[in-house]
Structures are given as structure tokens and as C-alpha cells.
Amino acid sequence: MQHRQTSLFSFLQKLTPGNEGSCEPYSSPDAIRHARQPKKAPHPTPLESKNNSEETSDEIGGTDASSQKMRRQVLSAGIPVAANDGDRRANHFSSIMSKFVKEDKSGCASNGKSNQDCCGSFICHPNDSTEKSVKDRTPDDKCSAKHVSAIKKSSDGLGPLYSECDLDVLGPETPAVRPRVPLFKRIQQDPSDSDKQDSSLFGPNKRFKPIGKTVTEKKILENSCESTSSKFEWLVPFKIRDANGRRPSDPFYDKRTLYIPPDALKRMSASQRQYWSVKCQYMDVVIFFKVGKFYELYELDAEIGQRELDWKMTISGVGKCRQVGVSEAGIDDAVHKLTSRGYNVGRMEQLETSEQAKARGASSVIQRKLVNVSTPCTPSDGNMEAEAVHLLALKEGDCGSKDGSIFYGFAFLDNASLKCWVGSISNDNSCAALGALLVQISPKEIIHERSGLSEATRVALKKYASAGSMKIQLTATTPGVDFLDSSEVMKLASSKGYFKGSSKQWFSAIDGSVNCDLAICALGGLITHLSRLMLDDTLRNGELFSYHVYKNCLRMDGQTLLNLEIFSNNVDGGLSGTLYKHLDHCLTASGKRLLRRWICHPLRDFTGINQRLDVVEAFIKNSEIMSLIASYLTRIPDLERLLGRVRSTVGSSSMLLLPFVGDKILKQRIKTFGFLVKGLRIGLELLNMIRKEDHGMLPISLFVNIPNLSSLDDLLNQFEVALEDDFPHYQDHIVKDSDAETLAVLVELFSGKAIEWSQVINALNCIDVLQSFARASISSFMPMSRPILLVNAYSPNLAKDKDGPMLHMKGLWHPYAVSGNGNDLVPNEIHLGNDSKICHPCALLLTGPNMGGKSTLLRATCLAVILAQLGCFVPCEECMLSPVDTIFTRLGATDRIMSGESTFYVECSETASVLRNATKDSLVLLDELGRGTSTFDGYAIAYAVFRHLLEKVCCRLLFATHYHPLTKEFGSHPHVSLQHMACSFHVGDGISSPRNDLVFLYKLAPGACSESYGLQVALMAGLPKQVVEAAASAGQNIKQLISRNFKSSEARSEFSTLHEEWLKSLWDISKPSVSLGDEDISDTLLCLWHELRSFYKLR
């Protein structure tokens, strides 16, 4: 009968004559109690070397795992074969290669690493030089601090003696992992139940009463207190230190590491040293320790297991160590639950069986190693959402530039698809470009250097970390340790052979960056972090691409993406009521991710936009072809992630040697490879069908023009034959000894064409997104039309009144602000800029009542421009525009209380970014600028900003305001169109409807609105009638008092700011003190004459 090892910490207690050799059994919800025969043994001594493969301990050697057969040796693809195995290897390899027409003769050196021995003694000293090999990833947890304080109060009756300790452990005092998302469940049990004494002691929500305890409870508390103080003093919150002996109050404290005194390590058994030698360097990771056919959590990790997974905690063994456990069958589910709740989870697996350990020596202990760390930001399993999960490393550069610009280098990873991007950006104090990056990629975690970010950057990270439905985890790392110098990063990447999956040399992705050194430093931070998470296979086999936030696309900064609700709404941060949700009719998961990337980067290229529009129009006209294509797409799995998972296994066959789990991993890899091959077959059939000339979809051929598609078809057929021969039931394959070697050969051959397979997948994704555009147009309630794109015909040498940017929309409606069947929508017309037929002003000054639809009209205009430059049909009857280079928005009234920024400060900072960066090709949206301060200050700022954009920038401008004097100031300006949102009053009959109700018509009408009807809206909102009546009386008095001050503004409707400039020019040349020649005066008068003539001709 097999005996299971008892607690890992069974020898942690100090040995005394009374307790030496005694032990208590381990109990777990999924485990059967086993009795262990006591055995006298000498006191364990620490090992002299980490690499010693044999060690002496007071445990029974080789009995901490179930007996099983010797694991087979797996030969990875590309590893040289010993001479005595040459014939067998050659015959087997020939049988596989016979299925392929062309054999790949090139050899590939194995890049796998030999297993390192983890059984050695690991003693952390305060000034250990190994500090630089660790990262700062440990979230803090206050559970232990509260627990220790509560126990000492109740057991010793000291009252407030330990209150000072509680203050000392605020913040990141304990190494236990804190979840990054709110906890779903807390377990509370009856403290009086003596059978559940472990839960009453260590439950996170318990309150210990100082009096009234039973004798049993007092004993439990005394024993527990003694165990904590004498055996685990280095885990007590007010004594805890990192590997270099620093306290949490030290600015360089490393939360990821733990200092363990040497004498505590000496009292441990060999298995205990295995665990703590890893755990003291991964305090931010919940580590499952493999013992036979069970996985166990200890101490602080056991608290997490009890709290999150409702596992029963036991206190067993001589050391009375807290522990929970789970069987092999439940480990995957447990890891998934913990990572979904924000924890990092690692596994220490057995590298050999008990028989292999016994063969090394009677007292040898089974070797174990940390082989895998799963995090919320690096998922790779098949149970993921379609949305990409990104891990971002951010490096800020020197802020001492003359213009105040801030430079950032960044690198981010999509682990599921094995793709990494790198780049750099320059930013002003508003951090608009950084905001755009964060909204575009929506990272789940951001790695940055502690004390390496400016205040402006921290404010931006706080702002965008709280936006949307996905919260961002900020992880600070040790300065100078994780983010290496650019030269060191390049040496490291080259020596390790990283990013072999890229089509070019990896450093070519850095070319063209604003700051190459910062980009490489950020990449180094990402590499160091991934190496610590045991993801070297991702780095070796992954692809590296350059990423540009704004290059060659319609620019939208982070604030614009939030204001227009592109990816998240402003109500709950969800997808409902967003542009992404409106356009998402994709049928594949990888198509959905490409749709997001397209929305982040609308085109500016005239040719590219029209090519997309041609395909969308062809889909709309050929609904039968679109249905046929949809039948293929619905059967295609997530090929992008399947390819990434297959490529990640190249050269990583060491995982298959692990006892217990090796066969399970191999079975999953076979299933993944089979799904990929079958999915690519469906995709190639679709592409071949589209390339035929009799389907009436000629424009789409441009997107499926893949070179050597026929040769890829033949190659895929050979892989299908090999799959049918070797793994006919790949979805539920029964593993054989030769399967690992066979799969390694197939995967290596398949990965040799990874770039071509990626081209096929990208073509399928493009087809999916374009058919999604067509479905969005077909399913709309209101008319949709193809936009007409015009090349900008203006030149700097031409007059400002001619041939500038233009935007004309007839029957415009908001694409997803609909209720019911869309009958409540009122279409409107927008005309900005001149075309060949008629001249229109470039600025729209919009007034109207509150809730009259001004903001909806402004947003609808911007969304129509975005849709047009995406290559999609737009929500209007007619649309004609010249491409927009940047969309700027200033909408809503919000503050940033967490960063100490008022509503008016936020308004001004966003407006400042507009004034600094807007060009003649920009589209600017300003809604109620100046409302956050006094009336006169707000009006003055609104006036100055409007005039600057109108006369200096000359861009397409939509300006909504309640400052009605602005309509007098600019009423006669030739470049301003005054319009308002119409409304009317419903006159009551005095009986059933005694009052006059304000009715919103949502129709754009010419001219200015006389007032904003705020009092009527206040009544609609539920303000008491007597309060509104008092407000109306006060309003009349105020108008009478200040009417004289604004009386002169009535004449401004016929005398604009442009007239002022003309008059100033005439006055200047008429001054006697001005000495101008006759020619200068003549030229000035001639220019004024031309301007007057042009002005009155326009009118």
C-alpha cells in the first residue's frame, strides 16, 4: 500500500526530546488520511551546494510520491541522437517525413535547458547579491497583520499593547498576495465548533473576544500563538523583511522576496527547503507544492486557498503548519479560479518518480522545480474571452526637453497569440498620446519602475486605470534591476535567441521609433518580467512588431476615445452603447480583435479607404455570397491563438517528462495541433472560393491575394495525412510512448511556415471585419450611404476662403443612440467648408435648450467621420468629406478628485491640447467650454478659444455654448454659421394639462436660440415649483440690472471681429506718426479691398 507524505513542515518545530519523531496526519477535502510510521533520524543539516543532487534528511527517502513506472525519455525535435539509437531514430523519422513531398534538411539545435536541481539549501542574507534577479510583483495583504494582533490580544490579555504594531504594518506589510479584483466570497465558520478550530483561528473576518473563551478555545489560541511566534517569526508582519533585510518602510523594499533566518532553514527538512528556497523569491505568487498526487498550499498561501476556494485548513505535523490541499484532478480548476480573481499562481512539480529518487540513494528526496507561473495577464488556455489580454511595460524618459515634452518607451505582450509590440511616443503635459495608447491596447497590468514616473504620468495612469470595465493593475519594480540599459537588453535578447518567430531581425521593429533607447529599455523590462514567470518559450518563439499610436491614421487621443464612447460607455464602462458594439458582427474571435485595432487606427489614405468601401458595397449587393462566407467563418476556431500555442511548444518537450502531468500536457498539445490543422483547412477552402472569378466579388480579391496559396494548400494536405495516420482521434487521443517524438517533428515542420500561416489568418480576419461592416449597414433602422472621399485640394498659397477642408452630411443621425425601432430619430444636415458648388462657413456656433440634442449631434458628426475613414457606410443620406487628420473633443463636465483636478482645470487642460495640436485638417468639438468657473471668466475663455480656432487654425469646428453674447460677437463673421436646436411649447388646455411644457424637436434650425430654457428643464427634472418660480423672478431682476452692460453687444451682430481687423488696419495707416511709403499704403488698401469684396460676395 502506498503511503503519502505528511505535512511539508512536519520537522519545522524545534526538536526536543519530547517531540522528536512525532507527527500528525495531513487531512484535505480531497485527500484520504494516511498514517506515517515514525522514524528516528539525525537532525537535518543544510546542504553545502545548490547543485547537489543527493541530500540527507530525516524523511523517508523517495516516498513522497506514489510509485509509478519510469517515465519515458522524450527526444525533442532537432536534438542529436546517440549513436546506439541511430537506426531506431532514423526509421521513425523517415516514417514521418515520408508524408511530406519536400523534406526540411536543416537541423535545429535544441534550445531547451537541463533541469536545475532545486534541492539545495537556500539561505537569504541581508545583502545578498541575488537581489537583482527578482521583480517587484507582490501585492500586499493585511490578513496576517490582523491575525497576529488579534491572537496576541486575546491570549495575553495585553489590550492595546500591540496597537503600535498595527500602525506599523499599514500598506504592503505582509508578503501574502492580495487579489487584484474584489473578492467574491468570504468563508465564515462557527468559532465555537472545536472541530473547525482552524477556521476560527485563521478566518479573515473573525473577531476574537478577550473574555468568555472556553478552555478548548484558549488552548487553541495559546498553541497557535506559540507556533506563530517561535516557528514563523520571519512571517510576522512587524518582523518581516525582504531578501536584503529591508523593512516595508524602506523605499527600496522588495515585496516579492522574503528573508528567512539561517537557523530556521537549518531546522527544515530537504523538502521544506525545496519549498522555501522558491517561495522566498516568489512571495507575490501562490505556489502549489506537488506531494504525490496532491498539490498543497502552506501558511499565507493556505489562507488564500481557504478564503477564495472554501478549502478546509488543517494544522498538522510537529510544526503545526497551516495547509490546504487539492488532488490532481482539481488543480486546473483551482488555478483558473485564482487567476481569474487576480492572483499569480505557480506550480512546483516533481521532476522524477519515487523509484527514480530511490535509485539515487536511499535517503534522497524527490527533486522539484517551479515550472509554471500563471497570471491574469499571461493566459494561454482555451477558456479565454475573445478580447486580447495585454501586459504593458512602460519606461519614462528625461522630461527636461525645451518644449516640455515627455517621452515614453513601451512594450506589450499578447501571450495567447505569442505576439509582442514595441514603440515609443512623445507627449505633452496632458498625456494625450499616453492616454491613446492605454485605451487602444487596454492593458490588464502595467509594469513600471518605482519612482520612475512623473506626477503628470501618474495622474494619467490613475485616470485611465479607472476608465472602462477592465481595471488596470499597476506594478512597480525595483529601479535599475528590471529595466536594463538598452545595450544590455540587446545583448541579452541576442544571446538567449529571443523572438525567432519574427520574419526579420527583432531589432528592426525598433527602427522608426521616436526614442529607440527608451523603447529597448521598456522591452528589457518586459523580458525580465516574463523570464521570472517562466515564459522563456514565449520570448524565444514569439514575434516582435513595431507599434505606432498615431502613424498614418486618423488620430484620436485617449480623452476623445472616452468622450465618444468608442470602446466603453460613460454609464458603467461596458460595451453597450459603444461604436465597437455597434460594428461588432464578427464571426471569429481573431476577427473581433482585428476590428478593435482598425477602430483605433482609421485610415487617412484615400486609396485604402475606397478599397474597403468597395468590398463592403459588394457584400451589401451580394447577400448570398455574404451568407456563404459566413457559413465558413462560423466553423473557424481562434486560429491566431491556436497558432501561438502550437509555436510556443517548439523546443519545450521537457514539460512532457514530468511525472503525473506529462501525459496530460501531451494530450492537450495533440488536441491543439489537430484543431489548428482542421481550422486552417476550412480557411483555405474559403480563400480558394473567394478567388474564383464567378462570384461577383472582385474587390475582395485584393484582401486575399496571398502568394503561394496553392503550395500552402498542398502542404496542409500533407499535415492532414500525418494527423490522420498518427492521431486519428486527436480530440481524445490515448497517449503512446512515441507520440511526443512524433508531435515534436510535426510541430517543428509546421512552425517553419508560421509566417505564411499568419498571412492566411490575417486574410480571414480582414474578410470577417469587412462583412461585419456590411452587416452593420444592413441591420440599421435608418438610411446608410457610402461616403465620398475628396483629396484635400487646398494649398498654403491659396486664399483661406477657397478650397479648404470640407464636411457635408445630409440626413445625419446618431448610429446607436436609438430607442425601439428608431422612429424617434430626427435627421439633420451639417455643412462645413467650401466645395465646388457652394461656399459654407467652416465653423458652426450651436445654441439651444438644455437636453435639446446638441451633444448628440456633435457626437454623431464625429462618429460619421470615423466610420467613413474606417471604410464603412455612414449613418446619413449623403456624405462628402475631405479626410480628417485628428479629431479633438471637449465634452462633459467631470473632475478628477483623486488627482486633485477641478472641473474647470480639466476643461482647460483638454482645451490646451486642442490649441497646441489642431491643424487645418482637424475636426474640433467643443461643448459648453467655460462652464466650470464664473460667468465672465468662462465667457472670456470661450470667446478667446473660439476666435483662435476660427481665425488662426481655420479648422472644421463645432462649438456648442450657452453663452448667447457669443452669437452677437460672431453673428456677422463670414466663417461662422449660427444654428440652434429647435424647440417649442405645448400649450395646456388649463384642465388636463394646466401648464406649458417644453417640447424638444431635435432639429437643427438656422439662427441663434434666444435662451437655453433652463427653468423649464429644471421643472422637468423635478425641482419644486415654488423654487423655480423664485428663480424666474431672480432671473428677471438680474437681466434688468446687467442689460445696460450688454446693450452695446446688440450692434455686434453687424460688426464682427473680422470688421475690427479691417478698421484697425485703416486706423494704423492713417496715423501721422506712421511713416509708410506710398507703395505700402497702396498694398494695404488693396488687400483690404479684396477682403471686403470677397466678404460681400459670399453674403
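**Exercise 1. The whole chain**

What percentage of the 1099 residues of the protein count as buried?

Solution. The model under study is a predicted one. A residue counts as buried when its relative accessible area is under 20%. By this criterion, 55% of the 1099 residues are buried. The secondary structure comprises 33 helices and 23 strands. Finally, consider the contacts in the protein with a separation of 6 or more: residues 24 or more positions apart account for 76% of them.

**Exercise 2. Helix 13 against helix 14**

Describe the packing of helix 13 and helix 14 by angle, distance, handedness and residues in contact.

Solution. Two packed helices are described by the angle between their axes and the distance between the axes. For helix 13 (residues 486-496) and helix 14 (residues 516-532), the angle is about 55° and the axes are 8 Å apart. Helix 13 is therefore oblique to helix 14. The crossing of helix 13 with helix 14 is left-handed. Helix 13 contributes Ser486, Val489, Met490, Leu492 and Ala493 to the contact, while helix 14 contributes Asp517, Ile520, Cys521, Gly524 and Ile527. By class, the residues of this contact are seven nonpolar, two polar and one charged.

**Exercise 3. Helix 21 against helix 22**

Carry out the corresponding analysis for helix 21 and helix 22.

Solution. Helix 21 (residues 639-647) packs with helix 22 at an angle of about 135°, and their axes are 9 Å apart. Angles over 145 degrees would count as roughly antiparallel. Helix 21 and helix 22 are therefore oblique to each other. Their crossing is left-handed. On the side of helix 21, the contact involves Leu639, Leu642, Leu643, Arg645 and Val646; on the side of helix 22, it involves Gln668, Thr672, Phe673, Phe675, Leu676, Gly679 and Leu680. The residues of this contact divide into eight nonpolar, three polar and one charged.

**Exercise 4. The buried side of helix 20**

Which helices do the buried residues of helix 20 pack against?

Solution. Begin with the buried residues of helix 20 (residues 623-633), which are Ile625, Met626, Ile629, Ala630, Tyr632 and Leu633. They cover an arc of only 155° around the axis, and this places them on the same side of helix 20. Their packing partners are helix 19 (606-621), helix 22 (662-690) and helix 25 (754-778).

**Exercise 5. Residues with positive phi**

Locate Ser442 and Glu928, and state whether each is buried or exposed.

Solution. Most residues other than glycine have a negative phi. Ser442, however, has a positive phi near 45°, and that of Glu928 is positive as well, near 55°. Ser442 lies in the loop between helix 11 (432-441) and strand 10 (445-449). Glu928 is found in the loop between strand 20 (923-927) and helix 28 (935-953). Ser442 counts as buried because its relative accessibility is 15%. Glu928 is also buried, with a relative accessible area of 17%.

**Exercise 6. Two contrasting positions**

Solution. Ser590 belongs to helix 18 (residues 589-600) and is buried, at a relative accessible area of 4%. Apart from its neighbours within four places in sequence, Ser590 is in contact with Asp638, Glu640 and Asn765. Leu698 lies in the loop between helix 22 and helix 23 (709-726). With 66% relative accessibility, Leu698 counts as exposed. Its C-alpha atom is separated by 9.2 Å from that of Asp614, although Leu698 and Asp614 are 84 residues apart along the chain.

Notes. Residues are numbered from 1 along each chain as its sequence is written. This is a predicted model: local features need pLDDT of at least 70, side-chain atom pairs count only at pLDDT 80 or more; totals for chains, interfaces and linings use all residues. Side-chain values use heavy atoms; hydrogens and water are left out. Buried means under 20% relative accessible area, exposed over 50%, partly exposed in between (1.4 Å probe, protein chains only). Helices (H or I, at least four residues) and strands (E, at least two) are DSSP runs, numbered from the N terminus. The arc is that of the directions from the helix axis to the C-beta atoms. Contact means heavy atoms within 4.5 Å. Axes are lines fitted to C-alpha atoms, for helices over the stretch in contact, and angles run from 0 to 180 degrees between N-to-C directions. Angles under 35 degrees count as roughly parallel, over 145 as roughly antiparallel, 65 to 115 as roughly perpendicular and the rest as oblique. A crossing is left-handed if the near helix is turned anticlockwise from the far one by less than a right angle, and right-handed if clockwise. Ala, Val, Leu, Ile, Met, Phe, Trp, Tyr, Cys and Pro count as nonpolar, Asp, Glu, Lys and Arg as charged, and the others, Gly among them, as polar.
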